[in-house]
Amino acid sequence: MSGTESVIVETTGARSDGELARPSAPSEGVSARSAHGGLALRHRADGHLELRANGIFVMDTRETSTEKALATHALDLHPEPKHVLIGGLGLGFTLEAVLADPRVEAVTVVEIEPRLVEWMRTGRVPHGPELLDDDRVHIEVADVAVVLRESRPEAYDVVLLDVDNGPGYLVHDANGALYEAPALADARRATAPGGTVVVWSAAKAPALLEVMAQVFDDAEALSYPVDLQGHSETYWLYVGTVSPRNGTN
């Protein structure tokens, strides 16, 4: 799944849901192509990095609260989140927040784009090398749906899924299956009793909540406000819980 890398110049457009444009002067960065499409990491005029997939804004290094909230909210829901799986490396801010929790002993990060992992390891994302060098971190370059399907039962205490903008605003159409019952059932099977599976979404997704309520013992939608460069947004975490065994917490 390797691709060619080149220097790019591109302008900033709207997010995939059309709600937010991020105007800035075009600047240089790196890009790559793989079987999954185009990936671009660019340096903006405001000094921040911006990640795009297939030309669609994914995330940047200026507003990172949403990536961190995915981790902190999920870990707060579990008394002992020793083993965590993160679906989607992004620019590493979810991983950073997970590693900041002293209860976490091991983190498996699943990222489908090998070039993004390379950019993190080599320091194109400045904080990347330190994060990936942490002894608790294991990186798998793979499709997270496949990893969950092939994981041993009850492998993780917490599963965090942030591979796209949510079921309603897909960057990659193939990711739609991750929000459906079979993939979520695989996530449940890989989650230990008392554990949680948390799915991030850029918008309210009632259908996702319905499916998760069918798959998990309990499901809920948690909203939280985000201020993106003066633009008010509401993001969502969809939480599926696996009941603890009798006699355990």
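## Exercises on a predicted chain

pLDDT (the predictor's confidence in each residue, from 0 to 100) stays under 50 over residues 1–27, for which the model has 85 contacts beyond four places in sequence; a contact means heavy atoms within 4.5 Å. Where pLDDT is low, the predicted coordinates should not be read in detail.

This is a predicted model, in which local features need pLDDT of at least 70 and side-chain atom pairs count only at pLDDT 80 or more, while totals for chains, interfaces and linings use all residues. Residues are numbered from 1 along each chain as its sequence is written, and side-chain values use heavy atoms, with hydrogens and water left out.

**Exercise 1.** Describe the chain as a whole.

*Solution.* 
1. Confidence: the mean pLDDT is 82, and 78% of the residues reach 70 or more.
2. Secondary structure: there are 7 helices and 12 strands. These are DSSP runs numbered from the N terminus, helices being H or I with at least four residues and strands E with at least two.
3. Burial: 51% of the 249 residues count as buried. Buried means under 20% relative accessible area, exposed over 50%, and partly exposed in between, with a 1.4 Å probe and protein chains only.

**Exercise 2.** Determine whether histidine 78 is buried or exposed, and list what it touches.

*Solution.* 
1. Locate the residue: histidine 78 sits in the loop between α1 (65–76) and β6 (83–87).
2. Apply the cut-off: histidine 78 counts as buried because its relative accessibility is 7%.
3. List contacts: leaving out residues up to four places away in sequence, histidine 78 touches Arg103, Asp157, Val158, Gly194, Gly195 and Thr196.

**Exercise 3.** Compare the span of α1 with the expected span.

*Solution.* 
1. Take the rule: the expected span is 1.5 Å times one less than the number of residues.
2. Apply it: α1 has 12 residues, and 16 Å is expected.
3. Compare: from first C-alpha to last, α1 reaches 16 Å, close to that expectation.
4. Note burial: the buried residues of α1 include Ala71 and Leu75.

**Exercise 4.** Find which residues touch the most other members of the largest nonpolar core.

*Solution.* 
1. Define the core: a set of buried Ala, Val, Leu, Ile, Met, Phe, Trp, Tyr and Cys residues joined through side-chain atoms within 4.5 Å.
2. Read off the members: among its 43 residues, these are Leu95, Val98 and Leu160.
3. Look at one: beyond four places in sequence, the contacts of valine 98 include Ala71, Leu75 and Leu160.
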